[in-house]
Structure formats: C-alpha cells, structure tokens
Amino acid sequence: MKVLGIESTAHTFGAGIVDEEKVLANQKDMFEPEEGGIHPREAAEHHYQQARTQVKNALAEAGLEPGQLDGIAFSRGPGIPQCLEVGAVTARALSVKHGLDLTGANHCLAHISIGERTTEAEKPTTLYVSGGNTQILSFRSGRYRIMGETQDIALGNALDKLAREMGHPHPGGPEIERLASETDEIKEMSYPIKGMDLSYSGLTTEARRMHEEVSEKVIANSFQEHGYAAAVEALERAMSQEKTGNALLTGGVAMNSRLREMVEKMCEQRNEDAYFPPQEYCMDNGAMIAHQGMLRLQNGEKLAITESGVRPDWRPDEVKTAW
Ligand code: AMP
Ligand code: MG
C-alpha cells in the first residue's frame with residue numbers, strides 16, 4: 001500500500017510517501033519567521049505557497065504518479081488551526097481528484113509510530129519534546145496514555161523564547177545548546193517538575209531575570225540541566241511504573257545531545273533500551289503522517305470528506321490504536 005502523508009501542524013509543510021517496505025519520499029519546507037515566534041496566518045500562507053511544490057517533489061522522489069497511490073493522510077491535530085487547514089484542504093483535494101482513500105493522523109502518535117518503524121523500539125515509553133508539545137506517553141490497553149505533560153509551554157517553545165530574549169535567531173534550541181556547551185557552570189534554578197507534569201514557563205522567566213548578573217552561556221547551561229533533568233525524571237518514573245522496557249526520545253528537541261545523553265544514562269542504569277529516531281524523523285515530517293495513515297487505512301480507518309474536519313486539540317489518548 002502506497003500512502004502520501006501531509007504534515008502541516010505548525011512551522012513545517014511536509015509531504016512524504018511510504019509503503020510497507022520503504023520510506024519512498026520525505027520532502028518538506030519550514031516556515032522561518034523573520035522575528036518573533038510563529039504567526040499562524042503567516043505560517044498558513046507559507047504552507048499554501050509550498051503545498052503543491054512539496055507534494056510534487058515527493059511524487060518525483062518516489063517516482064510515482066498520483067494515480068499510483070492507494071491513500072492519502074493528513075495531520076489532523078493537535079496543531080495550529082490555520083496551519084492544519086492547509087494540510088486538510090490539500091489532502092481532500094488530492095483524494096477527490098485521484099479517487100484516493102482519505103485518513104487523518106494524530107500528530108503525536110505519528111511521531112511514536114515512525115519512531116517504532118525507524119528504530120527497534122516496541123510500544124516504547126516516549127518522551128516527545130518539540131516546539132508545540134511536551135508529553136510522556138506509554139501504551140496501555142489499546143491507547144497511548146499521557147503519563148505526564150507540560151502544564152504550560154512546550155520545552156522547545158521555552159528554548160525558543162529564551163534564545164529570542166537573548167537576541168538569538170529562531171530556532172532557539174540549537175543556539176541554547178551551543179551556548180551551554182561553552183561552560184560547565186550551573187546556577188541553581190527552580191526544578192520544573194510537578195508530580196508527573198512539567199512546567200517550563202516559570203523557568204523561562206527565571207532565566208530571563210538572571211540575565212543581569214549571569215553570562216548567557218551559564219544561563220543556557222543551567223536551563224538545559226534543570227529543564228532536561230525534569231523531563232527525564234518524569235520519563236523514568238513512567239518507565240518504572242509501566243515496565244515497557246524501552247524508551248523513545250522524539251520531537252525536535254530530541255536532537256539535543258545533552259538530552260540524549262541524559263536519556264541514555266538513565267536507561268543504562270535501569271538496564272533498559274533507549275531509542276533515538278534518525279534526525280529527519282524526529283522533526284515534523286510528512287513520512288510519519290504517511291506511515292500513520294498507512295496503519296490506519298490497513299485497519300479500515302477511512303475518513304469521509306464530510307467528516308474530515310481538523311482537530312486542533314486532539315489528544316493522543318483519545319485514539320484507540322489497533323496498530
Ligand atoms: P518540532 O516542533 O518537533 O519540529 O521541533 C522544533 C523545536 O525543536 C524547536 O523548538 C527547536 O528549538 C527545537 N530544537 C531543534 N534542535 C534542537 C537542539 N539541538 N536542542 C534543543 N532543541 C532543539
Ligand atoms: Mg511534532
């Protein structure tokens with residue numbers, strides 16, 4: 001089964017194609033704001049400009065005509081409503097024009113299933129950390145339960161905000177990582193864990209207030225050490241409770257080498273496996289939506305056009321997964 005997947009939840013417009021054997025294409029373009037964060041209307045405009053090109057590029061990469069596809073999937077949520085609409089409209093149009101089965105993918109679950117596909121992870125306890133999401137998920141009785149999550153902003157968003165306030169460009173995560181690598185000094189900050197949940201908004205404010213007395217590299221390092229340790233602690237507790245025996249780290253922040261190191265060490269101490277998908281599958285991408293779409297279509301989970309509205313607040317634990 002060949003499925004085209006469209007990703008458009010936030011800054012990335014992606015088009016990917018998979019079948020059972022291979023990822024046949026994975027094309028994307030990222031909206032990069034000139035200043036500030038992601039403006040929904042501007043990001044959606046970017047996606048409209050890119051939609052045709054990215055789909056065409058994906059078909060060319062796979063060496064396929066649209067009629068040779070078996071289905072089409074779009075990222076139905078969670079995400080920025082205006083951005084989600086672009087992917088949905090594109091998918092519906094292709095579905096009608098070429099007579100393709102349509103399905104909608106949950107973005108968070110797509111991160112997990114592409115992680116399972118591209119590593120040896122099996123129903124992993126997952127730390128999903130990105131620009132818009134921060135969740136710890138674990139599979140139980142047919143669903144990925146949210147074991148813990150941020151109560152305010154996502155970890156990636158916090159890194160982006162902090163970097164922006166220090167005058168560095170978007171995306172902030174790599175900038176903070178670079179600054180942090182220049183020192184071993186850590187200033188004590190609040191520890192942003194609340195039970196199994198996390199909270200990064202206050203930590204960002206605290207870091208900003210340190211700006212007068214403390215150097216940028218020490219702020220960056222302190223933020224990383226506190227922010228990442230809290231996320232890994234919540235992950236460890238979920239692993240301890242759920243006994244899944246393996247962890248998956250995914251989302252854009254999963255690119256961070258200090259965070260990877262912490263997850264690796266924690267799993268090593270527990271004698272459990274840690275998995276990290278290749279970089280192109282950690283970031284938002286079309287192939288993960290195509291893969292999730294393929295699993296859904298194989299399970300008969302088609303969407304009628306009239307029922308294919310986007311779901312900006314769609315939580316992954318609302319989805320009963322047969323795959
Ligand atoms: P996503 O929303 O999954 O596409 O991921 C984007 C987020 O990942 C942004 O908030 C980036 O700042 C963050 N990010 C990318 N690379 C790194 C890195 N090396 N360290 C920390 N965060 C990163
Ligand atoms: Mg994502």
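Two residues are said to be in contact when heavy atoms of theirs lie within 4.5 Å. Helices (H or I, at least four residues) and strands (E, at least two) are DSSP runs, numbered from the N terminus. The model is predicted, so local features need pLDDT of at least 70 and side-chain atom pairs count only at pLDDT 80 or more, while totals for chains, interfaces and linings use all residues. Residues are numbered from 1 along each chain as its sequence is written, chains are lettered from A and ligands numbered from 1 in the order in which they are written, and side-chain values use heavy atoms, with hydrogens and water left out.

Now for the overall picture. The protein chain holds 10 helices and 12 strands. Its radius of gyration, taken over C-alpha atoms, is 19 Å, close to the 20 Å from the globule rule (2.2 Å times the number of residues to the power 0.38) for 323 residues, so the chain is as compact as a globular protein of that length. The C-alpha trace spans about 60 × 45 × 30 Å along its principal axes. Of the 323 residues, 56% count as buried, where buried means under 20% relative accessible area, exposed over 50% and partly exposed in between (1.4 Å probe, protein chains only). Among contacts between residues at least 6 apart in sequence, 75% join residues at least 24 apart.

Next comes a pair of helices. The axes of helix 4 (residues 155-165) and helix 7 (residues 216-242) come within 12 Å and cross at roughly 170°; such axes are lines fitted to C-alpha atoms over the stretch in contact, with angles running from 0 to 180 degrees between N-to-C directions. That makes helix 4 roughly antiparallel to helix 7, a label used for angles over 145 degrees. On the helix 4 side, Leu 155, Ala 158, Leu 159 and Leu 162 meet Ile 219, Phe 223 and Tyr 228 of helix 7. Sorted by class, this contact has seven nonpolar, no polar and no charged residues. Here Ala, Val, Leu, Ile, Met, Phe, Trp, Tyr, Cys and Pro count as nonpolar, Asp, Glu, Lys and Arg as charged, and the others, Gly among them, as polar.

Asp 101 sits in strand 5 (residues 101-106) and is partly exposed, at 33% relative accessible area. Leaving aside residues up to four places away in sequence, Asp 101 touches Asp 70, Gly 71, Ile 72, Leu 297 and Lys 302. Lys 56, in helix 1 (residues 40-62), is exposed at 53%.

Notes
Parallel < 35°, antiparallel > 145°, perpendicular 65-115°, else oblique.
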